Amino acid sequence: MSGAISGKEWGVGDLFGREFVFQIPPYQRPYAWEAQQAEELFSDLDTALGEVLPAKLEQSPPYFLGSIVIIKSDGDARAEVVDGQQRLTTLTILLAALRSEIEDPDVRSQLRDLIYEPENRLRRTQARYRLSLRQRDEDFFRKHIQNDGALDTLDGVNEGPISDSQRNLIRNAKTLRARVQALTPERRVLLAQYLVARSFLVVVSTPTFESAYRIFSVLNDRGMDLSHADVLKADVLGGLARDDEREAYAAKWEEVEEDLGRDAFRDLISYVRTIFVRKKVEKSVLAEVRELIKPASRPKWFLDEVIFPYADALDVIRGKSYQSMGDASTINGLLRWLERIDNVDWVPPALVIVSAWQASPDELGRALAALERLASLLMVGRADVNERIHRYARLLEVLSAGKDIEAACKAMDPTADDRLRARSMVDGDLYLNSRVRTYVLLRLDAALAASKEPNAQENPTVEHVLPQTPLGGSQWLVWWPDDAARTRWLHRLGNLLLLSRRKNAQAQNFEFDVKKTRYFSTKGGVSIFPLTTQVLQEKEWTPAVVERRQAALLAQLEATWAG
């Protein structure tokens with residue numbers, strides 16, 4: 001091949017033959033196809049086969065399985081799979097399912113030869129598997145999929161302690177075996193023949209790691225189903241010169257990705273872009289990371305100083321799992337409050353803050369308290385996305401200059417306008433803003449309880465004390481005879497409380513004493529929310545009571561945000 005890139009169409013029967021011995025390298029992501037994708041492959045294949053007669057199989061339309069990218073040298077069967085792991089693995093599972101259910105011993109033997117090549121003493125070749133997975137999954141794949149009779153072990157596998165990739169292998173094997181079992185014996189053989197003789201892949205082959213990943217990246221840019229984390233991983237690992245480094249970093253990357261989960265890891269890449277680029281995405285996350293951060297040119301720095309530390313920080317933030325010999329509860333409480341912010345624009349600076357001061361709980365607590373105050377005021381004051389991006393970008397600039405806690409906290413000081421807009425929202429018809437009302441009431445409730453974190457009740461509801469439609473002749477109309485006064489105070493903070501669940505809507509119109517007993521309180525005449533217990537202690541609910549409560553709660557909230 002002498003450095004050339006080649007592309008050729010191969011039938012599945014030839015692909016799983018002596019020309020190729022496929023190896024999934026350790027820098028690849030784990031096997032990720034789930035039962036839905038395995039089902040789709042089987043259904044597409046079965047549909048393409050149609051109702052053709054066995055004697056006319058050669059006249060059936062071919063089935064195209066897409067392309068794969070490999071690193072392979074001339075004269076050497078070993079092929080490192082750069083792209084195509086999911087299809088090759090699932091095809092191997094399907095071959096194993098057909099082998100287990102076809103009764104003809106010759107066909108079973110021929111299917112076995114497509115899965116692994118037995119030792120041949122005449123050719124002086126050792127037994128070898130046509131496809132070897134990453135080291136973590138290799139033995140598992142052989143034991144439960146590739147070996148003769150392996151699928152009979154599936155029901156005995158405990159899915160609890162195994163990895164996600166191994167769980168996918170097991171479930172897809174069960175799924176495909178069940179689909180094969182549902183076919184008639186004749187159809188099973190015909191499907192196996194169609195798969196082997198009339199199904200094709202295009203193999204793009206190159207002898208070098210670098211050129212393989214250029215192809216990989218181009219294919220991704222043209223719409224292959226790969227995440228920007230997958231492509232970035234290829235870029236960065238491709239920038240490492242030594243195989244042992246590449247494998248070690250690939251194992252660490254994979255461990256971090258598995259611990260966080262693929263979705264969170266994908267988000268991490270987006271947050272990293274924001275930390276360095278500090279402006280709205282103009283192209284794509286992947287393009288801007290490549291062009292503006294250039295991780296492939298400094299792979300060790302990017303891995304050791306960026307990805308891995310920020311992954312650890314994100315794990316702490318998402319899990320609210322900071323640990324310290326000091327007061328970790330305050331920090332984890334702040335992380336729980338941040339989690340309730342209705343956007344994620346605060347996360348990039350939080351990653352930098354946690355990473356910078358993780359070993360200093362006092363400074364970390366100061367910085368997170370300042371960030372939480374800023375994030376909550378921006379949310380409650382309904383700052384738009386562009387303003388949030390601008391404010392957090394200025395903060396990231398300060399954080400990038402070094403571990404200066406005073407400068408960081410100063411950069412997070414809310415402006416007078418921030419406070420004014422937040423107060424205006426809270427002092428207005430708060431109930432009508434569903435994105436803010438629960439957060440504000442939980443913040444007040446925690447302040448009244450002297451709690452560092454939100455009430456454990458996950459999704460409380462916000463309810464009116466003065467009902468929205470009081471019944472004629474009720475005490476409510478005696479206390480609130482003026483329609484304008486009712487309209488003015490109905491949706492405001494002083495007339496709102498928290499309940500653990502929505503109760504019978506009809507009860508909302510009960511008289512105040514009855515409503516307190518049946519609607520607002522739990523057993524014993526109290527509530528799990530101090531904010532609601534305040535209301536239970538009132539003997540009447542007049543405009544003067546609501547106005548007094550409004551002023552007190554506003555003062556409490558301003559004290560909470562005072563810093």
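Tutor: Ile 70 stands opposite Val 81 in strand E4. The model is predicted, so local features need pLDDT of at least 70, side-chain atom pairs need pLDDT 80 or more, and totals for chains, interfaces and linings use all residues. Residues are numbered from 1 along each chain as its sequence is written, and side-chain values use heavy atoms, without hydrogens or water.

Strand E3 covers residues 63–71. It is antiparallel to E4, and three bridges join them. A strand is a DSSP run of E with at least two residues, numbered from the N terminus. Two strands pair if DSSP finds at least two bridges between them.

What do E3 and E4 form together? They form a hairpin, with six residues between the strands. Gly 75 sits in the turn, and its phi is positive, about 80°.

E4 itself spans residues 78–83. It also pairs with strand E2, residues 21–23. This pairing is parallel and has three bridges. Here Val 21 stands opposite Arg 78 in E4.

Now for two residues in helices (DSSP runs of H or I, at least four residues). Arg 518 is in helix H23, residues 512–520. Why does Arg 518 count as exposed? Because its relative accessibility is 57%, and exposed means over 50% (buried is under 20%, partly exposed in between; 1.4 Å probe, protein chains only). Asp 315 lies in helix H13. Asp 315 is at 39% relative accessible area, so it is partly exposed. Finally, the C-alpha atoms of Arg 518 and Arg 134 are separated by 61 Å. Along the chain, these two residues are 384 residues apart.
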